Amino acid sequence: MSEHDHGDGHDDVPVAARVRRLEERLIAAGLASDEELDAFLGTLYASAAPVNGARMAARAWTDPQYRELLLSDGNAAAAESGFGTLGYQLRVVENTRVSHNVIVCTLCSCYPVSLLGPSPGWYKSFAYRSRTVREPRSVLAEFGVTLPADTRISVWDSTSEARYMVLPVRPAGTEGLSAEDLAALVTLNGLIGTALV
């Protein structure tokens, strides 16, 4: 998938109505109850936090084999880090000194909740969803990220089937830090691409 990719996967808009219809079908078929679905979501949100993605990023900074796995097969890397089956394809894109990545979901708000926690309100806003694809450099500047003119910016459009996470550039001068200390440096915005770390 390339920058500004607008692949299929948004056929389910409006999402909330279709999700509720699916829930109702599961309940009607006797496959789940409202209580079971609520319990599942409660468990998901209780363990979903940006620290999950931050730990994966920190591990990639210190373990070259894990970094390679994370960039080639995000689902396998997530499973190896204890996050089990994600239910979507996780694609991790790496920032470098000459390229910067930012994620968006142009039609709704697809997002790797289990690894990044609930999405911020601005991520779901129409302004962010529409402007990031058209003018990523301006949007990043509004977040305080001013990149050199020759830095290539790629925008990755999440779908219901594929979600993205950014692997930020490891900050200089952090060679002696533990994985836990490194993870503490990684922000939610860094994992989305609207911050450097």
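In the predicted model described here, Tyr128 counts as buried because its relative accessibility is 4%, buried meaning under 20% relative accessible area, exposed over 50% and partly exposed in between (1.4 Å probe, protein chains only). Tyr123 and Tyr128 form a tilted aromatic pair, with 5.7 Å from centre to centre and 40° between the planes; rings of Phe, Tyr and Trp (its six-membered ring) pair if their centres lie within 6.5 Å, and planes under 30 degrees apart count as stacked, over 60 as edge-to-face and the rest as tilted. Tyr123 is likewise buried, as is Tyr128. Residues are numbered from 1 along each chain as its sequence is written. Because the model is predicted, local features need pLDDT of at least 70 and side-chain atom pairs count only at pLDDT 80 or more, while totals for chains, interfaces and linings use all residues; side-chain values use heavy atoms, with hydrogens and water left out.

By the ring criterion, seven aromatic pairs are counted. One of them joins Trp122 to Tyr128 in an edge-to-face arrangement, at 5.0 Å centre to centre and 75° between the planes. Trp122 counts as partly exposed because its relative accessibility is 25%. Ring pairs connect Tyr111, Trp122, Tyr123, Tyr128 and Phe143 into a cluster.

A further ring contact involves a charge: the charged end of Arg163 sits over the ring of Tyr88, 4.8 Å from its centre, the criterion being NZ of Lys or CZ of Arg within 6 Å of the ring centre and within 35 degrees of the ring normal.
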